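Trainee: Could you take me through one part of this model closely, namely how its helices pack against one another? I would like a connected picture that I can follow with the structure open.

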Amino acid sequence: MNIKPIYYYIIALTGFFGLFALLMLWNTVLAPSGRLPVALVLLIAVTPLLLPMRGLLDRKPRSCAWAAYVSLIYFLHGTAEAYANADERLYAVLEVMLSLMLFFGSAFYVRMAARQN
């Protein structure tokens, strides 16, 4: 079975934009922090995701690999949040699923795109 790399890229983009939207909604509308300013929380939560965005949108393999590495931060955050905070467990599990989509989609895209060239 030979799956085209574009399908993995679409999975990675779905995970990326889903993770971005989830983090924005989670920290502003769904469950904003009462102790820290919302702008600071968004700066800390979203900035690592924005670093490989330009290259990811241009389908550069190096940026896709970095997006896979960055997604592991969100995987760790989601698993820790799901364990520690029962009130926000649904959001944390969604964060884990989207980060895994980003990780596996971008990792397989890099691998399959290298095989085609």
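Mentor: Happy to. Let's begin with a term we need: a helix axis here is a line fitted to C-alpha atoms over the stretch in contact, and the angle between two axes runs from 0 to 180 degrees between N-to-C directions. Two packed helices are described by the angle between their axes and the distance between the axes. Please keep in mind that this is a predicted model.

Start with α1 and α2. Their axes come within 10 Å and cross at roughly 170°. Angles over 145 degrees count as roughly antiparallel, and α1 and α2 are therefore roughly antiparallel to each other. On the α1 side, the residues that meet α2 are F16, L19, F20, L23, M24, N27 and T28. Facing them from α2 are V38, V41, L42, A45, V46, L49 and L50. Sorted by class, this contact has 12 nonpolar, two polar and no charged residues.

Now look at α1 by itself. The helix has 26 residues and reaches 35 Å from its first C-alpha to its last, close to the 38 Å expected at 1.5 Å a residue. Its buried residues are P5, Y8, Y9, A12, L13, G15, F16, L19, L22, L23, W26 and N27. What covers them includes α2, α3, α4 and α5.

Setting aside residues up to four places away in sequence, V41 touches N27, S33 and L36. V41 and L23 are 18 residues apart in sequence, and their C-alpha atoms are 9.8 Å apart in space.

On the way to the next pair of helices, stop at R59. R59 lies in the loop between α3 and α4. Its phi is near 60°, a positive value in a residue other than glycine. With 41% relative accessibility, R59 counts as partly exposed.

Next come α4, residues 61-84, and α5, residues 89-116. Their axes come within 8 Å and cross at roughly 160°, which makes α4 roughly antiparallel to α5. The crossing of these two helices is left-handed. By class, the contact of α4 with α5 has 18 nonpolar, six polar and three charged residues.

S71 is buried, with a relative accessible area of 1%. Beyond its neighbours within four places in sequence, S71 is in contact with S99, L102 and F103. S99 and L102 are among the buried residues of α5.

That brings us to α5 itself. This helix has 28 residues and reaches 40 Å from its first C-alpha to its last, close to the 40 Å expected at 1.5 Å a residue. Its buried residues are A92, E95, V96, L98, S99, L102, G105, S106, Y109, M112 and A113. They pack against α1 (5-30), α2 (38-50), α3 (53-57) and α4.

Note on methods. Residues are numbered from 1 along each chain as its sequence is written. This is a predicted model: local features need pLDDT of at least 70, side-chain atom pairs count only at pLDDT 80 or more; totals for chains, interfaces and linings use all residues. Side-chain values use heavy atoms; hydrogens and water are left out. Helices (H or I, at least four residues) and strands (E, at least two) are DSSP runs, numbered from the N terminus. Angles under 35 degrees count as roughly parallel, over 145 as roughly antiparallel, 65 to 115 as roughly perpendicular and the rest as oblique. A crossing is left-handed if the near helix is turned anticlockwise from the far one by less than a right angle, and right-handed if clockwise. Ala, Val, Leu, Ile, Met, Phe, Trp, Tyr, Cys and Pro count as nonpolar, Asp, Glu, Lys and Arg as charged, and the others, Gly among them, as polar. The expected span of a helix is 1.5 Å times one less than its number of residues. Buried means under 20% relative accessible area, exposed over 50%, partly exposed in between (1.4 Å probe, protein chains only). Contact means heavy atoms within 4.5 Å.
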